[in-house]
Amino acid sequence: MNYHLFELINDAAGRNDGVDDLMEFAATWLIYPMFAVGAVLAGMRLYQRRLRPVIELGVTLFLAFGAGTILAHVSTEVRPFQTHAVHQLVAHEPGVSLPSDHATAAFALAVGVGLFLHRGWGLVLAAAALIVGFSRVWVGVHYPGDIAAAVLIAVVAGLTVVVSRHARRSLEPAPPDGLTMPKR
């Protein structure tokens, strides 16, 4: 199924130079403006003296990177161009395909921004992450399953941070005599 989906997407590559150019850009360079947006949003939170959301974004990215690295070390799935005739539009070193580092970073950024910094920008970045993931398959360097694994890693990383925040808050002592504690 993974290879069949790959074929459906990658077989369209090489037919329209304009579309291929857009996919090559998205597969290689779109991640940089995405992180620029994330940096501006984090900078705005820091300017507002809101450190916790920025730390939560950083922890989400760290957890996703760690999980992706571990999965890559235990995976034996190689890149599509190593075992199949594909339309490879960008140069890439052979190696482990699962998960896609670009897609993991893009989706972790989108999830982290959406959960901790700005929901609307999180949705915009999620759309951009979908484009990054799709384009990595289009240009022949990843399978759709590599992208799905990246999405799963990013969501689990973000939810882990949310759950740990709620667990910490539930362990905080109750305020004495019905007084309310200030929100953080």
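How many salt bridges does the structure hold? I looked this up and found 1 salt bridge (a side-chain nitrogen of Lys or Arg within 4 Å of a carboxyl oxygen of Asp or Glu).

**Ground rules.** I am working with a predicted model, where local features need pLDDT of at least 70, side-chain atom pairs count only at pLDDT 80 or more, and totals for chains, interfaces and linings use all residues. Residues are numbered from 1 along each chain as its sequence is written, and side-chain values use heavy atoms, with hydrogens and water left out.

**Overall picture.** The C-alpha trace spans about 70 × 35 × 25 Å along its principal axes. Of the 184 residues, 38% count as buried (under 20% relative accessible area; exposed is over 50%, partly exposed in between, with a 1.4 Å probe and protein chains only).

**The salt bridge.** I found the side chains of glutamate 56 and arginine 165 meeting at 3.0 Å, N to O. This pair links distant parts of the chain: glutamate 56 sits in helix H4 (residues 51-74) and arginine 165 in helix H8, 109 residues apart. Are the two partners buried or exposed? Glutamate 56 is buried, because its relative accessible area is 7%. Arginine 165 is buried too, with a value of 15%.

**Another arginine in H8.** Next I checked arginine 169, which is found in helix H8 (residues 144-171). I noted arginine 169 as partly exposed, because its relative accessible area is 35%.

**H6 against H8.** Two packed helices are described by the angle between their axes and the distance between the axes. For helix H6 (residues 101-117) and H8, the axes come within 8 Å and cross at roughly 30 degrees (lines fitted to C-alpha atoms over the stretch in contact, with angles from 0 to 180 degrees between N-to-C directions). The two helices are therefore roughly parallel (angles under 35 degrees; over 145 is roughly antiparallel, 65 to 115 roughly perpendicular, the rest oblique). I then listed who makes the contact (heavy atoms within 4.5 Å): H6 gives residues including Phe107 and Val111, and H8 gives residues including Ala154 and Arg165. I sorted the contact residues into 15 nonpolar (Ala, Val, Leu, Ile, Met, Phe, Trp, Tyr, Cys and Pro), 2 polar (the others, Gly among them) and 1 charged (Asp, Glu, Lys and Arg).

Key: Helices (H or I, at least four residues) and strands (E, at least two) are DSSP runs, numbered from the N terminus.
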